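Hi,

Here is the structure I promised to pass on. Have a look at it first, and then read my notes below.

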Amino acid sequence: MSAATLSGCGTGSGGGSGKTIKVVYQQQLNNANHVQADFLGPMVEQFEKANPGTTVKLVPVTASENDYYTKIQLMMRSPATAPDLVYEDTATINSDVASGYLRPLDDYLRTWQDWSTFAAPAKAAMKYAADGKTYGVPDNTDTRGLWYNKQLFAQAGIPVPWQPKTWADVLGTARTLKAELPGVTPLNVFTGVAAGEASSMQGFEMLLYGTPAADTSLYDAGQGKWVVGSKGFKDALDFVHTVYSEQLGPSPQQALGANIQAQVGTEMIPQGKLAIDLDGSWMPNNWIRTGPEPWPQWQSTMGMAYMPTQNGQGSGKVSMSGGWAWSIPAKAKNPDLAWKFTQFLETRANSAQWNTVNATIAVRTDVASDPAYLKALPSNAFFTALVPDTYYRPGVPAYTQVSSAIQKAMESVTTGQASVDKAASTFDSDVKTAVGGDKTVQGAR
């Protein structure tokens, strides 16, 4: 598959004439969600019409999240296969910069007036700490919380609206659902290696950053060191262990399958087989008219609650934010035209359209405050309001290795192959091996 993708990407470049660009983005594996393809198609037509003689070739890479990262890195290694514009997960930008795959955009950004309208945290996520330069233009961010099925709650005798105040409340509700609704999965928390960053971010980090030592729970930015041996890490891992050992979540076989994300969004939730899902603001992508599983009833069926901190401490709520961005590879043949297309995609009007159809949180402040955008989906205002309580993943290259270690630890407690203590110890060892023992620090116990 990689060879075929690379071969396809390396043809039709226009000989570096400056008139043709190749634009790479992810098409999820075994997923009928073509929202981005449906958005980009008309954008390309409009851009080519406004710029006669130019050609924009869209190159969807059909792959799981982790495989997508690997495939675009393989593409960007060689001038023969490098695209001109690539859709980057903000979690991988720093590692791709460190590997020499991406081009800094500062010279372009200095003269782009629209850059001032982008939210500061979103822009900060595009910077590489080692040189302070910017390597991407964010086109969305996101927040995370709890989606729940109000009809299933009613059947189980649980009052709605529902808003748990602690982790214990979440687990207590899941246990009630299990007792009252046989055949319904009470709670989904993504876990394991196959789900990739969904496990790390939607699953584990939504727990870890809700522990009392949230600001130094994974990475101590002040010391520039990764945190190991913390009580918060074990507590978060114990929550995952509880969900799966008490059979409150999907079966381990299903939870660790490559298609679990698609199954949750397009099958389990709309079919009434899942009561609570710890997930992201983008979930309506699955259910809107142009999504893979149109489900108009979601607006009246699904409720939203913020994820509580462990014991209700602090603000009482926690969220994680990431998002995606457009980046120009270092070996792009036509970077200037790629930048021009990026500017076109990120105008106020086009950004508003994309954030609306993709059910993502706007990164342009003028879009985020637009009443039309906030009302476009019933969930927009709720998830936008979580931004003040959100955390971003550590913006350092080693994050991807630490994230992989998190996924391994989660998988081992999900299957029961390791105790929480053993899995946490293995995580500590994996991190020290990946980053060096001198780059770790003992966490709060």
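How many bridges join strand 3 to strand 13, and do they run parallel or antiparallel? The two strands run antiparallel, and four bridges join them.

Before the rest, a word on the source. This is a predicted model, where local features need pLDDT of at least 70 and side-chain atom pairs count only at pLDDT 80 or more, while totals for chains, interfaces and linings use all residues. Residues are numbered from 1 along each chain as its sequence is written, and side-chain values use heavy atoms, with hydrogens and water left out.

**Strand 3**

Helices (H or I, at least four residues) and strands (E, at least two) are DSSP runs, numbered from the N terminus. Two strands pair if DSSP finds at least two bridges between them. Strand 13 covers residues 324-327, and its Trp326 is the bridge partner of Tyr87. Strand 3 also pairs with strand 1 (residues 20-28), this time in the parallel sense over two bridges. There, Leu85 is the bridge partner of Val23.

Five of the five residues of strand 3 (residues 85-89) are buried, so the strand is largely enclosed by the rest of the structure. (Buried means under 20% relative accessible area, with a 1.4 Å probe and protein chains only.) In a regular strand, side chains alternate between the two faces of the sheet. Here Leu85, Tyr87 and Asp89 are buried on one side, and Val86 and Glu88 on the other.

**Cavities**

A cavity is a set of points on a 1 Å grid over the protein atoms alone where a 1.4 Å probe fits but cannot get out; lining residues have an atom within 4 Å of a point. Volume is the space filled by probe spheres set on the points, which are joined across faces, edges and corners.

The structure holds four cavities of 30 Å³ or more. The largest has a volume of about 870 Å³ and is lined by 44 residues, with Gln26, Gln28, Glu65, Trp282 and Trp324 nearest its centre. Among the elements that give two or more residues to that lining are strand 1 and strand 3.

The second largest cavity holds about 70 Å³ of space. Its lining includes Tyr87 and Trp326, the bridge partners from above.

**Trp147**

A polar atom of the Trp147 side chain lies 2.9 Å from the backbone oxygen of Gly280.

Key
A polar contact is a pair of N or O atoms within 3.5 Å; within protein, one must be able to donate a hydrogen and the other to accept it, and residues adjacent in sequence count only if both atoms are side-chain atoms. Buried means under 20% relative accessible area, exposed over 50%, partly exposed in between (1.4 Å probe, protein chains only). On a 1 Å grid over the protein atoms alone, a cavity is a set of points where a 1.4 Å probe fits but cannot get out, and a pocket is an open set with protein on both sides within 12 Å along at least five of seven lines; lining residues have an atom within 4 Å of a point.
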